[in-house]
Amino acid sequence: MTSFAFMNKNYLLRVQHLSKSFPGVKALDDIHLDIEAGKVHAVMGENGAGKSTLMKILIGMMAPDSGSIFFKGENTSFRSVHDAIKAGFSMIHQELLPFPDLTVAENIYMGRYPVIFPGWVNRRKLNADAQQLINRLGLSVKANRKMKTLRIAEMQMVEIAKAISNNAALMIMDEPTSAISQKEVDTLFAIIKNLTASGVAVIYISHKMDEVLQIADTVTVLRDGKCIVTRAASELNKDSLISMIVGRPIDIIFDKKHFERGEILLSVRDLSGNGFREVSFDVYAGEILGVAGLMGAGRTEIMRALFGLDEIRSGTIYFKGNPVKIKSPDVAMALGIGFISEDRKETGLVLTSTVKKNITLGALNLCSHNYIIDKKKEAIIADEQILRFKIKTTGRNQVINFLSGGNQQKVVLAKVLLRDPQVIIFDEPTRGIDIGAKAEIYRMMTELAAIGKAIIMISSELPEVLGMSDRILVVRNGKITGEMKGEEATQEKIMHFAMV
Amino acid sequence: MIAGKLKQGSNIISRYGIFIAFIVLCILLSVATPHFLTGQNLLIILRQVSVNGILAIGVTFVIIAGGIDLSLGSVVALTGVVAAGYAHPNTYPLIVPLLIGLFTGVGVGLINGLVITLGKVAPFIVTLGMMTMARGLALVWSDGRPVSNLSPAFNFIGGGDWLYIPVPILLFVLVVVVSYILLNNTTIGRYIYAVGGNEQAAKASGIRVNAVKLFAYIICGGLAALAGIVLASRITTGQPNAGIAYELDAIAAVVIGGTSLMGGRGTVTGTVVGVLIIGIINNGLDLLNVSSYYQQIIKGVIIIGAVLLDRRNAR
């Protein structure tokens with residue numbers, strides 16, 4: 001051991017020989033990680049590489065099978081999240097866990113309310129402190145607003161405020177930018193710089209190369225539960241990172257091909273509803289229609305209404321030229337519209353159920369006769385989809401909760417595409433999933449367009465919109481403010497329509 | 001979580017825990033008293049549990065769909081007195097009281113379901129209201145008096161034997177088999193699990209959520225009616241005060257059987273075992289001359305213990 005060499009350095013956190021297995025998978029295999037105070041240490045890897053498991057162990061949500069964790073030089077193993085927070089850990093989860101009916105201030109200081117005397121909350125101080133913190137983050141919400149009235153991006157910023165308010169020595173950020181806009185990302189990075197300047201260590205988990213290279217001092221890449229490399233960010237570039245993450249070079253992520261545009265499949269005229277008004281557009285067979293805009297611009301709301309999930313107040317939808325009334329998703333699906341939601345846990349999957357049952361849920365007619373399910377046929381269909389979408393699972397009967405995010409997303413895709421829809425709406429299809437899975441989803445979209453499907457892709461990631469779209473719509477404040485051809489579009493043009 | 005490690009080791013125990021508990025209970029009781037493990041006593045147990053069993057199977061549907069039904073006991077009374085009213089000797093053929101009774105229960109289930117789905121009122125509240133309403137209706141309909149003097153054909157349902165087996169047991173078995181198939185092998189069964197597991201996702205998968213919930217409440221109401229008819233027939237009277245708190249035993253059986261009150265998870269076989277456990281506890285403690293006061297305490301401990309066992313399984 002060359003441990004003496006390390007002794008000189010001021011490591012805040014040292015992870016050694018850490019391993020963890022789940023039934024059928026070795027999630028972490030002899031992991032080493034050294035975190036310095038005052039530095040940003042990025043951890044990258046594909047979905048299922050072991051990042052989440054590692055973080056869950058660090059924060060005390062899970063116990064390792066073997067290995068040791070030294071925090072401030074002491075051997076620690078947190079028995080609970082509470083212990084970890086007390087010791088100076090803090091974590092921003094990728095999936096938000098707010099208390100929707102409490103105020104922003106109450107959420108930020110949950111468990112640490114200032115009191116006048118024990119048991120009596122000092123509401124004035126609570127709100128004042130929270131407001132000060134919010135303002136410092138450049139967020140324009142009132143501290144006494146109910147959490148549920150906030151947009152997802154705002155909730156994410158509140159989550160960050162909560163972590164900062166802990167005065168933590170080590171902050172773990174799991175995909176903190178997956179739901180926020182570029183402007184808010186800049187604010188976040190400024191905050192991170194402030195934090196590290198005051199000696200806080202940040203573990204930054206992200207799939208976004210640009211961000212990692214911009215903010216991180218050190219990068220560790222995990223693949224299949226093993227540490228592949230730990231290196232200074234300055235020695236890395238996008239290509240080298242990608243090839244380390246996937247274990248092979250990816251030449252082209254956006255393998256975009258243009259196909260002959262077919263007939264108009266879907267026409268929307270003067271559609272108004274909750275969050276959008278007088279929206280009109282057409283979608284053609286064989287094209288990918290990108291829908292860009294800021295968070296909360298109303299893009300998702302338009303598509304939810306189109307799919308029958310939300311109410312339509314006025315306007316008309318034409319499917320293949322015929323006016324249709326879409327009152328509920330089953331009507332939309334019967335017409336041939338598929339919807340892949342941005343929130344797989346809320347509207348995508350039944351988490352208590354298995355991979356198989358989720359895949360076939362929307363298309364039981366394919367494997368049933370007179371309402372009786374043909375279980376053999378169902379198993380065959382499920383296995384075919386698992387194979388076709390390369391879903392990593394221990395089997396079709398695995399409970400979906402145990403799958404990684406990217407694999408869960410693939411199950412949603414497998415489910416929706418099993419119905420063979422003509423028009424497919426992808427809402428943020430690659431949010432929070434790794435580069436390998438992203439490339440697969442892009443390839444799938446291209447294939448679908450090639451066989452004459454119409455694809456609507458809502459995305460907040462401009463490279464994705466520019467790389468994949470034949471045509472781009474820009475939405476702002478519930479209205480379509482711009483339309484352009486894919487090859488004519490630039491980031492600046494889109495942002496112009498999205499913000500001005 | 002340390003529980004993660006525990007989970008793997010005790011997977012078998014938690015998966016089949018309730019079955020193991022059931023068998024252990026049977027062994028203990030057969031050692032404790034020679035009267036327990038006799039063919040005659042087992043038939044007595046089965047006949048005793050059949051009413052609660054039919055109710056428990058009905059409410060299993062509702063609970064898996066993410067709801068609850070507190071009106072069961074009152075529906076038992078209501079359908080009992082209504083059916084009995086058409087079952088006097090030399091009036092109507094047997095089919096008439098049966099159909100009227102069943103339709104009454106189905107009607108109650110339909111109303112529960114409609115208010116819950118279209119009115120968007122919490123199932124707990126709706127069925128709590130229905131609990132007193134149905135009880136009141138039973139009292140109004142019967143003028144507060146037992147409806148007796150019933151035809152032999154009607155009394156056969158609760159008191160007769162067919163091929164040496166009491167008819168209520170046969171009905172219970174039939175209900176179990178049909179429900180098992182409904183929940184495991186049909187599309188509507190699959191939809192019930194999906195709606196209870198994640199209503200939003202079920203809706204986005206094209207499932208007509210309201211129709212599915214309505215179906216569950218109708219099945220539950222219909223089975224409560226069947227239980228009401230069996231009970232009225234067995235005691236040869238339609239009793240407006242029958243079935244008080246029956247819903248609690250039924251829900252207890254469902255919970256002991258591992259069905260989650262959060263919805264989306266549960267089985268018919270689990271409920272059957274839950275029903276049997278409650279049955280043999282009642283029977284065994286009777287045989288052992290344990291006072292009925294203590295019986296209640298023991299039953300409560302077992303309900304909570306079963307759920308504790310199940311918690312470990314859930315995550």
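Contact is taken here to mean heavy atoms within 4.5 Å. Helices (H or I, at least four residues) and strands (E, at least two) are DSSP runs, numbered from the N terminus, and axes are lines fitted to C-alpha atoms, for helices over the stretch in contact, with angles running from 0 to 180 degrees between N-to-C directions. The model is predicted, so that local features need pLDDT of at least 70 and side-chain atom pairs count only at pLDDT 80 or more, whereas totals for chains, interfaces and linings use all residues. Residues are numbered from 1 along each chain as its sequence is written, chains are lettered from A and ligands numbered from 1 in the order of writing, and side-chain values use heavy atoms, with hydrogens and water left out.

In chain A, four strands form an open antiparallel sheet with the order β2-β1-β4-β5; two strands count as paired if DSSP finds at least two bridges between them. The edges of this sheet are β2 (25-36) and β5 (74-76) of chain A, each of which pairs on one side only. On average, neighbouring strands of the sheet are turned by 25° against each other, direction ignored. Within the sheet, β1 (residues 11-22) and β4 (residues 66-71) of chain A are joined in the antiparallel sense over 5 bridges, and Arg14(A) is placed opposite Phe70(A) of β4(A). Helix α2 (residues 51-58) of chain A lies across β1, β2 and β4 of that chain, at about 120° to β1(A).

Strand β3 (residues 40-44) of chain A is largely enclosed by the rest of the structure, because 5 of its 5 residues are buried (under 20% relative accessible area; exposed is over 50% and partly exposed in between, with a 1.4 Å probe and protein chains only). In a regular strand, side chains alternate between the two faces of the sheet. Both faces of β3(A) are covered, with Val40(A), Ala42(A) and Met44(A) buried on one side and His41(A) and Val43(A) buried on the other. Strand β3(A) runs parallel to β10 (residues 201-205) of chain A, to which 4 bridges join it; here Val40(A) faces Val202(A). A parallel pairing over 4 bridges also links β3(A) to β11 (residues 218-223) of chain A, where His41(A) stands opposite Thr218(A).
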